[in-house]
Amino acid sequence: MLGRTANGLFWMFRYLERAENTARLLDAGLRMALTRDLVTAEEEWRSVIATAGQREGYEAKHASYTGMQAWNYVLREKENPASILSMFGQVRQNARLVRNAISGELWEAINENWLEMKDQLSRPVPENRVLDTVATIRRAGTLAHGAMAGSMLRDEGYHFAGAGTFIERADSIARILDIKYYLLLPSLSYVGSSLDTGQWDQVLRSVSGDRAYRWLNAGQIDAKGICEFLILDDGFPRSLAFCHSALRANLAALARLHGSEGESNALMRAADTRMADLNIDTVFDQGLHEFLIDFTRSNAAIGRAIAQDYRFLA
Amino acid sequence: MTGNAEYFDEMHEADGGIRSPYTGYHEWFDGQDNALLRRKHSEAETNFRKTGITFNVYGEDEAEERLIPFDMVPRVIGAGEWRKLTRGIEQRVSALNAFMHDLYHRQEIIRAGRIPERLFRDNAAWLPHMVGFTPPGGVYTHIVGIDLVRTGADEFFVLEDNARTPSGVSYMLENRETMMAMFPELFMRMPIESVSDYPRRLAKSLAACAPDCTEGKPVVAVLTPGIYNSAYFEHAFLADQMGAELVEGSDLRVVDGRVAMRTTSGYKAVDVIYRRVDDDFLDPLSFNEDSVLGVPGMMDVYRSGGITIANAPGTGVCDDKAIYSFMPEIVEFYTGEKPLLPNVETHRCADEESLKYTLDNLQDLVVKEVHGSGGYGMLIGPTASRKEIEEFRRKLVARPENYIAQPTLSLSTCPIFTKKGLAPRHVDLRPFVLVSPDKVDITPGGLTRVAMKKGSLVVNSSQGGGTKDTWVLKD
């Protein structure tokens, strides 16, 4: 496979994952806004924009936080390079670039959804359409992943796509956790108040983990439990541990297909060692923020090493 | 609906009868519900959008990708008609290939005084780099598109030869896929030749032209200018269908005397490049030094036998309309036979007499630039305004050798589906021809282009033309 094609697959799936994660954030924000009074709702939207990492751009454009402004900014603002529309445009652009490395089913899943999304986002999205729009975006991701699982050859391309997916997902979860920790919980003494339960519930919803968490914890909700779940539970597909294992499998498969290991495998092994003895108490002893910073750095370094090892660029 | 005496209607006879290739289709069509057909028609467009069969339009931000209009009434060619056409095409393409070889070697045809030397000397597509060099397998024109027009029951003419980088074959294939999905019952009841193995035939034909240094199975790659090129979809499509890599100039470099592509496990030699870039963009060292699309040093590798380039550089000479005007002489010179497929009568404005005739009859003629393509830079006398004619007259007088003139042809029509039922529109036909060292292979079918506007004779997609599925019937 061409290095450029591998790069295209990697980024196609990173952008897809990023668009999906942003849609999940919006979904959680919408739900919060529906259950709060107007003043708190404003705070919620501020928090959604901050979590999506779009605060600077948003505040350059808008002086206040309202739901309508916020979701339209995240969904379709032309000047926002991280809008869902723009990211999905990147997904499709990369899919065109690697058209002969993906199955027809996957291409059609991406292309059809892009056409529908472009149409739905061609004008501002009103209150009574926003949930539908978010649902369309999530369906697009589901369809693409389904097409990939059901029709893609398990060759190196599949593993580059997987690597892109899990590096992006891990990065997004770590960022959500980090931002929530600082923004919403300046001190652990607030734990247990009804506001914070709501905030933590939103964190879970942002990664579609609310249901799974409830099942595992019989409705008990606290910061430590959530951190443990989102960091260490390798049964939950949106935990750091799960992303880590999945990425390890992708990298191992790539090394096997190429008959040799590279820098990315070495970095992965080092990260393995760090993850192996981890429990939630050691995370908190180390400091959650410090842990997340380390994790994010290591995750990004693996991404860069993959690009090097497999000649993504000339 | 009945035929029109002015034009040859391929479906309807003048007295209202149905011509034999179309009887099966017509019978089926008569039994169809019009509302259902209209729905199918709009479904077809949705299908093209979904599969992404689009072409890019330069300089239009919002509508970056467009669909070529598709008409769901097939263009049908009888088995006997097709046999005659293929014999003519085979003869012409063989002659073109021999002509290329001669032009870059001894130039016997010029020594014999059959064509003037200035023809290629003035031709920008003629490449001095190719002189004295024979490409692997002796093949110059690996893929050719011959544009045919029809004016009567037994009257086909060649309008253009496309030997540079003919495009449109993905439409031949996708139009067929769409028709099969829409009307499976037609394919069950009518004996229609399949076109779907074209990519396999192309892969085989290209592999047969691999250079001697090839080790094992030839590595074939499609070279595209990139995602913004108007035909990018086709490049990706063909690479995918052939199981070949789709490369850009930036993926390639010369390594150890071979052209190699950057793969995830290092540089890997390419044996055959099916290039969809013009000669100018192949190698910045030999041609356009500003090009970022090409591969520095590729021509040196080529000349030392390290790679096959399809089509060979310098074959654009065949697309020149001044050369075209000599095709009857060229066919006869190399095959020793009279051409089976005639040219359209062509006046070379470089000749004084022809120029005078052309200037006197501009309102009746079609005047074309010799190097032009895609329907640009031409004058269609009968539909041009007085002002356009006068402007063209000035251009002609200034550079007569840059133009040829042809009579306005009564192009045949084939019905298209409209809201009001079937309506005749003018069509042409581009069959796709593959050349390998031991054979000329013509896929039974081709791209039928159709002028969607009533009365229009311009079928080019860049000017609002559409396409149809083309059916060649089995005996």
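I will start with Arg138(A), which is partly exposed at a relative accessible area of 26%. Buried here means under 20% relative accessible area, exposed means over 50%, and partly exposed is in between, with a 1.4 Å probe and protein chains only. This is a predicted model, in which local features need pLDDT of at least 70 and side-chain atom pairs count only at pLDDT 80 or more, while totals for chains, interfaces and linings use all residues. Residues are numbered from 1 along each chain as its sequence is written, chains are lettered from A and ligands numbered from 1 in the order in which they are written, and side-chain values use heavy atoms, with hydrogens and water left out.

The side chain of Arg138(A) forms a salt bridge with that of Asp27(A), at 2.6 Å from N to O. The term covers a side-chain nitrogen of Lys or Arg within 4 Å of a carboxyl oxygen of Asp or Glu. Arg138(A) is in helix H7 (residues 127-151) and Asp27(A) in helix H1 (residues 3-34), both of chain A, so the pair ties together parts 111 residues apart in sequence. Helices are DSSP runs of H or I with at least four residues, strands are runs of E with at least two, and both are numbered from the N terminus. Asp27(A) is partly exposed, at 24%.

In chain B, Glu332(B) and Lys338(B) form a salt bridge at 3.4 Å, N to O. Glu332(B) is partly exposed at 28%, whereas Lys338(B) is exposed at 60%.

Last, the sheet. Chain B has an open sheet of four strands, ordered S13-S16-S14-S15, with antiparallel pairing; strands pair if DSSP finds at least two bridges between them.
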